[in-house]
Amino acid sequence: MLAAMPQPPSAASRDEPVIRERGDACPGALRLHAADDGFLARIRIPGGLLDGPAALLLADAAERLGDGHLDLTSRGNAQLRGLGESCGGELAQLLDRAGLLPAPSHERVRNVVASPLSGLDASGLPDVSGWVPLLDRLLCADPGAARLSGRFLFALDDGRGDVAPLAGDVTLTACGDGALVWTAGSPEGVLVAAGDAPRAALLAANHFLDAVARAGSRAWRVTELPPEHALDVRVLGERLAAAGIPGRVAGVSAPRAAAEAGPDIPAPRAGDGPEPGIVAGPGGAAALSVLAPLGRLTAAQWRLLAGLSGRMRLTPWRGVVVPGLTHRTAGPALDALAAAGLVTAPGDPRRSVTACTGRPGCAKSRADVRADARALASRTAGPLPVHWSGCERRCGHPRGTAWVDLVATPDGYEISAPGRPAAPVAHADLAEALTAARSTTPSPSL
Ligand code: SF4
């Protein structure tokens with residue numbers, strides 16, 4: 001029997017009612033968070049879509065106002081750390097100039113993830129990247145949508161099943177020439193025309209806000225609604241129809257079958273991000289997929305990425321996709337990124353290593369977990385990914401996979417893996433213990 005793996009705090013379900021006693025304190029670009037290494041700003045970048053000039057302004061901000069780095073978040077957003085107490089006004093001006101603050105009242109609710117390879121590879125799947133600016137504009141133009149919490153998430157999946165499993169509150173899954181709009185926890189959604197999809201997503205978010213008001217709840221996420229106020233897909237369908245969006249109810253697990261149209265879609269990859277390397281596109285086009293080691297880039301690495309084609313897509317797997325290259329230019333560009341220290345190949349041992357902020361940024365941390373993770377990343381390999389945490393909260397923990405868990409203790413670390421009981425390990429023995437734990441064969445059910 002497998003040892004029970006500790007669950008990250010984000011793994012709450014309807015079985016564990018969440019009582020919210022105050023508004024969410026999610027950091028934003030205007031609401032900075034005071035951390036131990038200075039102030040932190042989280043800049044929402046819907047769909048992770050960034051153009052070169054905006055990206056270069058962000059690099060300037062990181063160097064002039066912060067610690068010279070840019071962190072990538074699990075929602076494809078960017079974070080600046082080490083900001084001074086009085087730099088908020090200057091940062092806001094700079095972000096405004098970059099076009100990254102289209103609606104200050106809504107800046108924290110623009111949480112949109114989208115399939116990062118959409119329209120770039122040769123899969124033939126629908127390109128949903130065009131939905132991102134449409135949804136963002138609708139969201140920012142809706143005064144009521146500012147009531148969404150900073151944790152509410154829209155996921156736009158092109159049918160490959162990469163972002164659909166990322167716990168979006170409202171998900172659009174492309175299918176044929178339509179889209180299934182569905183809310184978290186529902187086995188069914190409403191199939192609408194592709195052209196109506198962004199508006200349908202916003203109406204689904206309003207459907208949630210109305211349920212929150214009816215329930216007298218402070219739920220931040222759809223799964224936090226009391227069971228008696230759970231969202232009803234048929235009522236959502238009626239709401240869409242009343243707004244001029246015809247649709248029909250279809251199962252979430254088989255949107256293709258429901259659509260009965262279009263080319264075959266590859267089996268969902270259960271929330272996997274793009275492999276690092278060159279992505280071959282149609283007609284000689286190419287893109288690059290790379291990962292940021294431990295989710296952090298220097299301003300110089302960021303500028304290098306921004307200068308390749310003038311476009312970047314930040315991914316929810318703390319990576320960057322660079323579109324707009326060709327088969328001829330992609331190889332040298334990938335070599336340049338590898339030389340700059342990015343993860344550019346599937347076999348790079350740093351690929352499956354993640355860590356929380358740790359010391360010195362977080363007062364709760366018992367160790368500089370990022371330094372420990374960096375030191376051991378290339379000395380330990382194995383099929384299981386590893387996550388380093390400075391305390392039991394396990395911030396930034398990967399979801400939905402078997403993993404090796406290292407949690408700092410006053411004397412070293414506690415290590416756990418599927419099939420192995422949690423055990424203390426001294427700092428000097430970490431490499432050996434980690435190598436053994438990463439080689440644990442995960443159960444197929446994990
Ligand atoms: S896991 Fe603990 S130490 Fe790490 S960032 Fe979260 S609160 Fe801080």
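Trainee: Which residue of strand 11 does Glu188 stand opposite?
Mentor: Glu188 stands opposite Gly251 in strand 11. Bear in mind as we go that this is a predicted model.

Trainee: What makes strand 10 and strand 11 a pair?
Mentor: Strand 10 and strand 11 (residues 248–251) are joined by four bridges. Pairing asks for at least two bridges, so the label holds for these antiparallel strands.

Trainee: How many bridges join strand 9 to strand 10?
Mentor: Four bridges, and these two strands run antiparallel. Gly178 stands opposite Ala193 in strand 10, and Leu180 stands opposite Leu191. The hairpin of strand 9 and strand 10 has four residues between the strands, and Gly185 there takes a positive phi near 85°.

Trainee: How many bridges join strand 8 to strand 9?
Mentor: Strand 8 (residues 170–175) is antiparallel to strand 9, with six bridges between them. Thr173, for example, has Leu180 as its bridge partner in strand 9. In this hairpin there are two residues between the strands, and Gly176 has a positive phi near 60°.

Trainee: Why is strand 9 called largely enclosed?
Mentor: Because six of the six residues of strand 9 (residues 178–183) are buried, it is largely enclosed by the rest of the structure. Gly178, Leu180 and Trp182 point one way, while Ala179, Val181 and Thr183 point the other way, and all are buried. In a regular strand, side chains alternate between the two faces of the sheet.

Trainee: Why is Arg221 called buried?
Mentor: The relative accessible area of Arg221 is 17%. Buried means under 20%, so Arg221 qualifies. You will find Arg221 in the loop between helix 4 (197–215) and helix 5 (233–242).

Trainee: What makes the link between the side chains of Arg221 and Asp169 a polar contact?
Mentor: The two side chains are joined at 2.7 Å, and the cut-off for a pair of N or O atoms is within 3.5 Å.

Trainee: Where does Pro27 lie, and is Pro27 buried or exposed?
Mentor: Pro27 lies in the segment before strand 1 (33–35). Its relative accessibility is 9%, and the limit for buried is under 20%, so Pro27 counts as buried. Beyond its neighbours within four places in sequence, Pro27 is in contact with His33, Leu40, Arg42, Arg44 and Arg108.

Trainee: How do you know that the buried residues of helix 2 line one face?
Mentor: Start with the list: the buried residues of helix 2 (residues 88–97) are Leu91, Ala92, Leu94 and Leu95. Seen down the axis of helix 2, they fall within an arc of 165°, so they line one face of the helix. On the other side, Gln93 and Arg97 are exposed. The cover over the buried residues includes strand 2 (38–43), helix 1 (52–65) and strand 5 (78–83). Just after helix 2, Gly99 takes a positive phi of about 75°.

Trainee: What makes the buried residues of helix 9 line one face?
Mentor: Val369, Arg370, Asp372, Ala373, Leu376 and Ala377 are buried in helix 9 (residues 369–377). Viewed down the axis of helix 9, these buried residues fall within an arc of 160°, so they line one face of the helix. They pack against several elements, among them strand 14 (296–298), strand 20 (412–417) and helix 10 (430–438).

Trainee: Which residues are around the ligand, and how does that shell divide?
Mentor: Around the ligand are Cys356, Thr357, Cys362, Lys364, Ser365, Gly390, Cys391, Arg393, Arg394 and Cys395. The shell divides into four nonpolar, three polar and three charged residues. Cys counts as nonpolar and Gly as polar.

Trainee: How many of the residues of the chain count as buried?
Mentor: Of its 446 residues, 52% count as buried. The chain has 10 helices and 21 strands.

Terms used: Residues numbered from 1 in each chain as written. Predicted model: local features only at pLDDT ≥ 70, side-chain atom pairs only at ≥ 80, totals over all residues. Heavy atoms only, no water. Buried < 20%, exposed > 50% of the residue type's maximum accessible area, 1.4 Å probe, protein only. Polar contact = N/O pair within 3.5 Å; in protein donor to acceptor, adjacent residues only side chain to side chain. Arc of directions from axis to C-beta. Contact = heavy atoms within 4.5 Å. Near = heavy atom within 4 Å.
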